[in-house]
Amino acid sequence: MVVDIENAADLLRYLRESKRIGKSEALTFRTLRGGVSNKTVLLQRPDGSRWVLKQALPKLRVQADWFSDPIRIRVEANALRYLPLVAPPNTIPKLLFEDLEQHLLAMEAVPEPHENWKERLLSGRLDRDLITQFGRLLANVHGHSYDLRQELFPTFENREFFETLRLEPYYQFTGERVPEAASFLHDLIQANRIHCVTLVHGDYSPKNILVYQGRLVLLDHEVVHVGDPAFDLGFSLTHLLSKGHHLKELRSAFLTAAIGYWETYKSGTGSAAWFGGVESRAVKNTIACLLARTSGRSPLEYLSDEERRKQKEVALHLMTQHPDTVPALIEEFGRRIEP
Ligand SMILES: Nc1ncnc2c1ncn2[C@@H]1O[C@H](COP(=O)(O)OP(=O)(O)O)[C@@H](O)[C@H]1O
Ligand SMILES: [Mg+2]
């Protein structure tokens, strides 16, 4: 039987029996919301230390029937071990323990007060410095992982969860629902399978970032794999562009930020041996994610129906004709999305 970490009595018993805490130690618990593929619980110990327990769900909390083997918690635990070697200091929470049988791990909680970056962006607070950090963090992960590939790659070669949690729901499913996009998405799925370049986060989104004392902390590493860095770029640029689409008054600021993000990333990686071809594939992944976030299994909840319709139309046009560079794509998106 797998313990239900959202049940406080069960969790307390589990932590005591597994000797993670003292026999009579009392705890306070709070269920954290925001994710759909895990149970996440914050607990505080009497000494004031705070842990986050994360337990992978076999069935995701979305409307569709969407299953994924909860053993993927192992990927997240490995990523929590390895990412501190390649990411800037203090950007990855410390792993405390993992229990593969229970599909769970514990990590240090990011201290309060912190803010979720997605919520901060949607409330219109767009800080240049955080955008720069966003670009640098990804450049470091991609660049340094490539340098450490002998050591890192064997641990992250399994791409099963990237297939089932990203390629299928975002690209394959979208191609089935939007036949005009099927061939573009089919080719891109193949490109993502072929290009095993460096460590890819796979969920590089403002939703998975907390801002603590003006610094970004990255969470949610269950899709980390060796793959195409262009995926992370397309996935993340789509979040900035879609927010710029939705927040009309801030649209030009978001488009400028997206270009700044790309430039920071490129200044950290552009001269690397593996960089060739990444930009044009990043363009394609951006267009694909722009569409997938309107018509895939996981549409962006903040886009209105009209915004979804418009973004779909623009993405479909860009699939037939698009620039080769990221800044030109961003400008073209901005021109076409104008009402
Ligand atoms: N180390 C942590 N410190 C503080 N809050 C966290 C931590 N890890 C996760 N959370 C909170 O829990 C939410 C869900 O965690 P996440 O890892 O994104 O799970 P999921 O895979 O279900 O999306 C996050 O958005 C964040 O608010
Ligand atoms: Mg998450």
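View 1. An oxygen atom of ligand 1 is 2.8 Å from an N or O atom in the Asn38 side chain, a polar contact, meaning a pair of N or O atoms within 3.5 Å. For Ser37, the distance from a side-chain N or O atom to a ligand oxygen atom is 3.3 Å. Val110 takes part through its backbone: one of its polar atoms there is 2.8 Å from a nitrogen atom of ligand 1. Of the 550 Å² of accessible area that ligand 1 has on its own, the protein covers 93% (Shrake-Rupley method, 1.4 Å probe).

This is a predicted model, in which local features need pLDDT of at least 70 and side-chain atom pairs count only at pLDDT 80 or more, while totals for chains, interfaces and linings use all residues. Residues are numbered from 1 along each chain as written, chains are lettered from A and ligands numbered from 1 in written order, and side-chain values use heavy atoms, without hydrogens and water.

**View 2. Here are the residues around ligand 1.** Among the 20 residues around the ligand, Asn38, Lys54, Val110, Asn208 and Asp220 come nearest (near: a heavy atom within 4 Å). Strands β2 (38–44), β3 (50–56) and β5 (104–108) each supply at least two shell residues; strands are DSSP runs of E, at least two residues long, numbered from the N terminus.

**View 3. Meet an open sheet of three strands.** The strands follow the order β6-β8-β9, with antiparallel pairing (at least two DSSP bridges per pair). Because β6 (114–116) and β9 (215–218) are edge strands with a single partner each, one side of each lacks a neighbour in the sheet. Between β8 (residues 209–212) and β9 there are four bridges, and Val211 stands opposite Leu216 in β9.

Notes:
A polar contact is a pair of N or O atoms within 3.5 Å; within protein, one must be able to donate a hydrogen and the other to accept it, and residues adjacent in sequence count only if both atoms are side-chain atoms.
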